[in-house]
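Here is a short tour of a two-chain model, written for someone new to reading structures. Keep the picture in view as you go.

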Amino acid sequence: MMIINPMKRLLMLVVLLVSQIAHSAPLMIEITESEMGALPIAVVPFGWQGGGQRPGEDVASIVDADLKRSGRFKTMPSKDMIAFPHTGAGVDFRDWKVLGMESLVVGQVKPNGVGGYIVRFQLFDVFKGEQLAGYSIPTTARDLRATAHHISDLIYEKLTGQRGAFATRVAYITAIAQPTGRRKIALQVADADGYHPQTIVTSTEPLMSPAWSPDGLKLAYVSFEKGRPSIFIQEVYTGKRQRVASFKGINGAPAWSPDGRKLALTLSKDGNPDIFILDLARRTLRPLTRHYAIDTEPAWSPDGRHIIWTSDRGGRPQIYRMPSGGGKAERITFEGKYNARASYSPDGKLITMVTQVGSDFRIGVLDLASFQLQVLSDGTLDESPSFAPNGSMVIYAIKVKGQAELAAVSVDGRVRQRLALQVGDVREPAWAPYSQ
Amino acid sequence: MKLKMIKFIPLMLAALLFVGCSTTEKKVEEAAPVSEAAGETHKDMERSTRGGEASTSGAKASSGWTGHPLDDPSKLTSTRVIHFDFDRSEIKPEYKAIVIAHGEYLAQHPSQTVVIEGHCDERGTREYNIALGERRANAVKSLLLVQGATPGQLTTISYGEEQPVAMGSNETAWAQNRRAVFAY
């Protein structure tokens, strides 16, 4: 049974999922708060139907990790299971009722005869003894992880009613020290759990602020490759790119409008940093803020009607809001002396930002209806929060022993994980929207 | 218990895109040759900066300097870095004389140009720090102009927290990284 002492807020349960592929990075999940309210689910290790080599990816572990890190599920360790069925016919629901499970996933992988696989899985409601979903999915060795994430999405949506975001991607910046003493900076794109990283830009000068276009096909970013900052827009899958802003001074903090036609950005060409709106088709530039203070880090509301941004016009950096067509600036953060780099949740009800707590910088979520601030992270130098496209999680950057890494937290703050991706610093994650 | 059959078209697409990506990397690197020269320059500037800092304390009594006058260790202009408080851009009293010395030198040598770099520590957000670094560079620039340097001699650039000189997440490292650099 899942009885957890509610007083025990810090249940540190570290699960190390060791991948069977040597080059893959380990993923660490920490359950940082009580799991009350999480749905108990058992994902039984999938069967292998076929002689010879088992596939290099363990589909059931990937699904288990996905569900667990969403914060919505409490998954059962396979060592606690008393039966290992691979098909519905082999399931005795009493086994799982006894163990307190509400949902059960069983499945198997078999070769498809042409070098690929067929993954079959079934999702059951344990109490009703009913199948909720069942699929047979053809895939390849290379796409097996992606298939596992799609299975997680199907299960997540069936059980929560909310679309899953496991089969999505993230962009981020890496910095690796070279033997020359110089650092190699790269813009990479990887699966949302940190696997399958691909480099799409490299430079010896800073790369910053990757931002996905709403269709998930382009990334805007800042590059210092010419010795000073410019903003580029690059097609993620073709590598084609164009420079869209290279004014005197700062060219920074690009943010796409929800319709993908405009870019809000920070320019200091007129003397100090202000927010401008760049119409990408017409190549026209419209100033949004005009203030002698710092105005930067713009983000659009999902309906495109508002821009929020960081300004120190009140003496310290705080978050302000303004109609995207221009108008009155309204301060929306009051708690804490440093609030910056805010962005909206996909439903527009929350914003996530960096907030100073004592001397630490952490990830906060502000409810725009109640103006309640919840601090989701517990680090000292947490930054760059970015919502998952379904709003269920926030990915962000942390510093651990001087090393920059990525972490993710469920939006209720209950489950945090570290994505130990690779050597070097990893920072500025941007969670991609659903691909269209 | 029937299994529904569904075709996983998104996966097939993903596979195609994946293939597209492997060629992407190459294309990008061709299309965007990174400015090696810029990197070189910056590194040299940093080196000269450090040299200036290091020699300040030990060699004050030296006379008959035969190198470049800006590098004369007996002059304040040999100091090329000044520091700031957290989230501040005012030039602290102890650094004013250094900035003034650079301003006077620039006023006396109108053909001499300088890049003023603004930098921050790792605390706070990256784009905000770009703005803060620019403010620091501009604070230096203003004081140089007051001394008679002309706008044409001065270029500012902010690197925010992107180019730390000291690693480590402690006040010693942060203090070193909150800086403006005179890069001649």
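The domain bounds used here come from an automatic or database domain assignment. For chain A that assignment gives domain 1 (13-160) and domain 2 (169-431). Taken over C-alpha atoms, the centres of domain 1 of chain A and domain 2 of chain A are separated by 34 Å.

Before going further, a word on what you're looking at. This is a predicted model, in which local features need pLDDT of at least 70 and side-chain atom pairs count only at pLDDT 80 or more, while totals for chains, interfaces and linings use all residues. Residues are numbered from 1 along each chain as its sequence is written, and chains are lettered from A and ligands numbered from 1 in the order in which they are written.

**Chain A overall**

Let's start with the secondary structure, where helices (H or I, at least four residues) and strands (E, at least two) are DSSP runs numbered from the N terminus. Chain A has three helices and 32 strands. Its radius of gyration is 23 Å, close to the 22 Å that the globule rule gives for 436 residues, so chain A is as compact as a globular protein of that length. (The radius is taken over C-alpha atoms, and the rule is 2.2 Å times the number of residues to the power 0.38.) The C-alpha trace of chain A spans about 70 × 50 × 40 Å along its principal axes.

How do the two chains look side by side? A residue is buried if 20 or more other C-beta atoms lie within 10 Å of its own, exposed if 12 or fewer, and partly exposed in between, with C-beta atoms placed from the backbone. Two residues are in contact if their C-beta atoms, placed from the backbone, lie within 7 Å.

**Two sheets in chain A**

Strands count as paired if DSSP finds at least two bridges between them. In chain A, four strands make an open sheet in the order 16-17-18-19, with antiparallel pairing. Its edge strands, each pairing on one side only, are strand 16 (251-256) and strand 19 (284-287) of chain A. From one strand to the next, the twist averages 30°; axes are lines fitted to C-alpha atoms, for helices over the stretch in contact, and angles run from 0 to 180 degrees between N-to-C directions. Zoom in on strand 18 (residues 274-279) of chain A and you'll find that strand 18 pairs with strand 19 of chain A in the antiparallel sense over four bridges. There, F276(A) stands opposite P287(A) in strand 19 of chain A.

Another open sheet of four strands in chain A has the order 20-21-22-23, again with antiparallel pairing. Here the edge strands are strand 20 (295-300) and strand 23 (330-331) of chain A, each pairing on one side only. Strand 21 (residues 306-311) and strand 22 (residues 318-323) of chain A pair in the antiparallel sense over six bridges, and S311(A) stands opposite Q318(A) in strand 22 of chain A. Chain B joins in too: helix 4 of chain B packs on the sheet, touching strand 20 and strand 21 of chain A. The direction of helix 4 of chain B makes about 155° with that of strand 20 of chain A.

Is Y396(A) buried or exposed? Y396(A) counts as buried, because it has 26 C-beta neighbours inside 10 Å. You'll find Y396(A) in strand 29 (residues 393-400) of chain A. Leaving aside neighbours within four places in sequence, its contacts include I363(A), S377(A) and P429(A).

I41(A), in strand 3 (residues 39-43) of chain A, is buried as well, with 24 other C-beta atoms within 10 Å. Its contacts beyond four places in sequence include L67(A), F73(A) and V105(A).

**Over to chain B**

Chain B has five helices and five strands. From the N terminus on, its elements run β-α-α-β-α-β-α-β-α-β. Strand 3 (residues 114-119) and strand 4 of chain B run parallel and are joined by six bridges. H119(B) stands opposite G160(B) in strand 4 of chain B.
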